Amino acid sequence: MQITNDLQKFLDIFPPEIQQVLEQHPQKDNLIEVILDLGRLPEARFLDEQAEYLSQTPITHEQLKHCIDRVGRFGADNRAGIEQTLHRISAIRNRSGDIIGLTCRVGRAVYGTISMIRDLVETGRSILMLGRPGVGKTTALREIARVLADELNKRVVIIDTSNEIAGDGDVPHPAIGRARRMQVARPELQYQVMIEAVENHMPQAIVIDEIGTEMEAFAARSIAERGVQLVGTAHGNQIENLIKNPTLCDLVGGIQSVTLGDEEARRRGSQKSVLERKAPPTFDIAVEMLERQCWVVHESVAETVDSLLRGHQPHLQVRTMSESGQVTITRTDPSVPMQRRPVFYEPSYSPDSNGWRKTGQILPFPQMQDRDELAHLTKRSAVAESPDQPFVQLEQLDSVSDNLALTDEVTPLRLYPYGIRHNLLVNAIQRLNLPVVLTRDIESADAILALRSHARKHSNFRRMVCDHQVPVYTIKANTVSAITHALRSCLQMNEPETTDAMELHTHSNGEDEIDALEEARVAVEEVVIPFGQPVELLPRSAHVRKMQHELVEHYRLKSHSFGEEPKRRLRIYPA
């Protein structure tokens, strides 16, 4: 990167005693700003956030006047500049309007600073830059304007309200290249100048710094709808800040409350009153500047806002730049928040699975870590629990008969029953001699077996599952056959070819079809639609798979079969 700062012109505005200290300072090239407050010691701040006093003598009125006389006229926003430089001088006034403090900030033109998003700039789509003060938003805007004008040969107009992008004076700073600059007489007139630029000067791209009012947001939307590429900054560290800001939320499409019908609310798995995006966003792309060398990119603002309003984490790109200038892009998949309603799995056996924790049931695809951790660490990790995790300390039950079928070679499954008839469950375990231990402590449970009607109607049960995230198996009725089928599914056991009618009752063909359709319905309504994730169903016969395909089509979703017989199964995709 090439840096131009006109530092000597900046130092020349200070009184000799302060100027001399700054010129001899070893960190002079890393200087960010100088603070001069009446009656206080002069202070300098550097890039490493280090601050130190420049003198042991408090600032006087004469020293402040010395600086004021050497800069331009202060505008209505209490900002001034130095002719043909990018330096910014901001004033603090008392109640009488007299200047009693100055913040003198160094302006630098950094060529090459947008290499991390150069490909996005070249697409011609509108870009919104977000970030805390001092992270480099204005510097990036200046470089984007130069690249658009000089390298992409576009007609670029800069709306420079405080002369911060192109510098003070009538002649703009060379850092903006061939781009033109329109100055604003008063900050409250910025939106009028924005519209004037489009109507009078036929730009192909407009660059705006600090969109901060409702009228400016409206003017930005008007510009974007006229087919002009818009590049601007707004107040806020992340895109969530704009969604919560009633003044600027129109930049991301605006938010409105919508009341859903009963069927749509059930299909989405949400409340009847939800928040939705009101209109297409003004900006197509949003860039969160977390640090100078670490930016988070939202390639589609519309999809990001929709995901956030539904409680999902959006698709992200984390772009970082090394000291050598190499750009690294890390893409993420959306994650589903853990506080959402749990998915209830239909008990059935899958011969492809590797242990009772991976039973081939309806499972969301692996999720990503929290977005802020990813932005700083750029690492990926799934939240899926390891199937090889060993068990520790079994729960001791009150009844000795509950501790059944344990051997030294088999690690028992700790099962938490909910709404299941105790005598039927114990009888099934005893007859099949299964390695299962019943527990009344949800903390130590490895799986939950619940009656489906209880699981759906009892809010306490849903809250318990959300808090502990234990796999849940449900049965339709308290029958020996249903309980036996569920236990075999939990333990990944094959169904026997011949069974004693006194012990086991196998499902009829009609029951299998009902189970398969119910499995597809639960997958669609509990995972695919609310979470937006693909789902694989259990292996079924060709006749049953055809029925599942027809059911999925009623939801206007796509599905296809894959795998070899007898393991061929359905995969359902979100819309």
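Predicted model: local features only at pLDDT ≥ 70, side-chain atom pairs only at ≥ 80, totals over all residues.
Reader: OK, take me through the pairing. How many bridges join S2 to S3?
Author: There are 4 between S2 (residues 31-37) and S3 (residues 43-46), and the two run antiparallel. If you want a spot to look at, Glu 33 has Arg 45 in S3 as its bridge partner.

Reader: How many bridges for S2 and S7, then?
Author: 5 bridges, again antiparallel. Asp 37 stands opposite Gly 101 of S7 there.

Reader: What about S6 with S7, how many bridges do they have?
Author: S6 (residues 88-93) pairs with S7 in the antiparallel sense over 6 bridges. Ile 89 has Cys 104 in S7 as its partner.

Reader: Which residue in that hairpin takes a positive phi?
Author: Gly 97, with a phi near 90°. The hairpin has 5 residues between its strands.

Reader: Switching to cores. How many residues does the largest nonpolar one have?
Author: It has 32 residues, and the ones with the most contacts inside it are Ile 159, Ile 206, Ile 239 and Leu 251. Elements that each supply at least two residues of this core include strands S9 (127-130), S10 (156-160) and S12 (205-211), along with helices H7 (214-225) and H10 (301-309).

Reader: Which element gives the most?
Author: H6, with 5 residues in this core.

Reader: I've got Ile 206 on screen. What does Ile 206 touch?
Author: Leaving out residues up to four places away in sequence, Ile 206 touches a list that includes Val 157, Ile 159, Met 194, Ala 197, Val 198 and Ile 223. Val 228, Gln 229, Leu 230 and Val 231 are also among its contacts. There's a second, separate core too, with 30 residues, including Met 116, Val 121, Val 287 and Val 297.

Reader: Now His 298, buried or exposed?
Author: His 298 is buried, because its relative accessibility is 0%. This histidine is found in strand S17 (residues 294-298).

Reader: Which side chain does His 298 make a polar contact with?
Author: Thr 304, at 3.2 Å between the side chains.

Reader: And the cysteines, how many disulfides?
Author: The structure holds 0 disulfides. Cys 249 counts as buried because its relative accessibility is 14%. Cys 294 is buried as well, since its relative accessible area is 10%.

Reader: Last one, helix H12. Which residues are buried there?
Author: In H12 (residues 422-432) they are Leu 424, Leu 425, Val 426, Ala 428, Ile 429 and Leu 432.

Reader: What do those pack against?
Author: Strands S20 (413-418), S21 (436-438) and S22 (447-451), plus helix H15 (480-491).

Conventions
Residues numbered from 1 in each chain as written. Heavy atoms only, no water. Buried < 20%, exposed > 50% of the residue type's maximum accessible area, 1.4 Å probe, protein only. Polar contact = N/O pair within 3.5 Å; in protein donor to acceptor, adjacent residues only side chain to side chain. Disulfide = S-S within 2.5 Å. Contact = heavy atoms within 4.5 Å. Core = buried A, V, L, I, M, F, W, Y, C linked by side-chain atoms within 4.5 Å. Pairing = 2+ DSSP bridges.
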